[in-house]
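Trainee: I have a chain to study and would like to go through it with you. Can we take it step by step?

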Amino acid sequence: MGLITGLFTFFYHLPQIYKWLLRPYYTISFLLSVAFLAVRKCPGLCEQLPSQREDGNSCDFDWREVEILMFLSAIVMMKNRRSITLEQHLGNIFLFSKVANVVLFFRVDLRLGLLYVTLCVVFLITCKPPTYMGPEYIKYFNDKTIEEELERDSRVTWLVEFYANWSSECQCFASVFAELSLKYNCCGLKFGKIDIGQYTAVAERYKVSSSPLSKQLPSLLLLQDGRELIRRPLVDKKGRAVSWTFTEENIIREFNLNEIFERCKKLTKGRGEKIEVLGSLPLEHHDGEQPIGPQQEEGESKKDK
């Protein structure tokens, strides 16, 4: 059943995958992920590689290589069970495929292994994963504006993401957070982000660790009038994050976004009705006289005639 669901998801998102693979980051990642397969199966190159097969066919996988690839598949399936977005699925596949390629190349030839590791290091330095550039209703804070914005209006509730640009989890979560901002942003519920990799003082103030070992990135805080109401993920006594999945459904449920949004809509509607009622009332002059209405003007004009 899981395999069928995975295949259905893959074909459903195939046009989107095609667009992503055209980007340099995903294109090069794909080529690095299939590098050993290409070398082992490429005529003219595979004959130069050693093989432990009994038939001596160096253009086919031996039993140890098949074992490594099967182990890779199992790890990818386990890691993708907690993946939220398609970017995370692809990221796990590319990451563990590269690890398997390192092992396979070093097993065949030390020089090939060193060459492959060098290519991977150059790739990591020069090619960064693409960031989310889609529509969003998100306010980006810095260390000076965050306190001012959060305390400006006590009636406004803020859902703030604490992230770091180097975190792959934060990069994958960007599209989910943007989608939530498009659905729930209103006068009484707003969305914000701050890069605690750059503003470490803010991270200390709100007790969010940017260390990769703490696994607290991304962190979502629901704040009102500068006070913290809800935080996910929670943090244990050792300072490590309690496991929590950043799906859209979990965020809506845990942070009560539907209830907050409906309450803000009612407040906004009530204010609008009051404004309409006040606008329909006649305005009084400072001397206590009533303003002249249309009927009075018409009556006076008849008297003049």
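Mentor: Start with terms: helices (H or I, at least four residues) and strands (E, at least two) are DSSP runs, numbered from the N terminus. Two strands pair if DSSP finds at least two bridges between them. This is a predicted model, where local features need pLDDT of at least 70, side-chain atom pairs count only at pLDDT 80 or more, and totals for chains, interfaces and linings use all residues. Residues are numbered from 1 along each chain as its sequence is written, and side-chain values use heavy atoms, with hydrogens and water left out.

Trainee: Which residue in the turn between strand 4 and strand 5 has a positive phi?

Mentor: Strand 4 (residues 219-224) and strand 5 (residues 227-232) pair in the antiparallel sense over 5 bridges. They form a hairpin with 2 residues between them. The turn residue with a positive phi, about 55°, is Asp225.

Trainee: Which residue in strand 5 stands opposite Leu222?

Mentor: Strands of a sheet pair through backbone hydrogen bonds, either parallel or antiparallel. Here the pairing of strand 4 and strand 5 is antiparallel. Opposite Leu222 stands Ile230.

Trainee: Which strands stand at the edges of the sheet?

Mentor: The open sheet has 5 strands in the order 1-3-2-4-5, with mixed pairing. Each edge strand has a single partner strand, so one side of each is left without a neighbour in the sheet. The edges are strand 1 (138-140) and strand 5.

Trainee: What is the bridge partner of Glu161 in strand 4?

Mentor: Look at strand 2 (residues 157-163). It pairs with strand 4 in the antiparallel sense over 6 bridges. The partner of Glu161 is Leu220.

Trainee: Is Ala164 buried or exposed?

Mentor: Ala164 lies in the loop between strand 2 and helix 9. Buried means under 20% relative accessible area, exposed over 50%, partly exposed in between (1.4 Å probe, protein chains only). At 1% relative accessibility, Ala164 therefore counts as buried.

Trainee: How far apart are the end C-alpha atoms of helix 7?

Mentor: Helix 7 covers residues 110-126, which is 17 residues. The expected span is 1.5 Å times one less than the number of residues. That gives 24 Å, and the end C-alpha atoms agree: they are 24 Å apart.

Trainee: Which helices do the buried residues of helix 7 pack against?

Mentor: Gly113, Tyr116, Cys120 and Phe123 are buried in helix 7. Contact means heavy atoms within 4.5 Å. The packing partners are helix 3 (24-33), helix 4 (35-41) and helix 6 (86-108).
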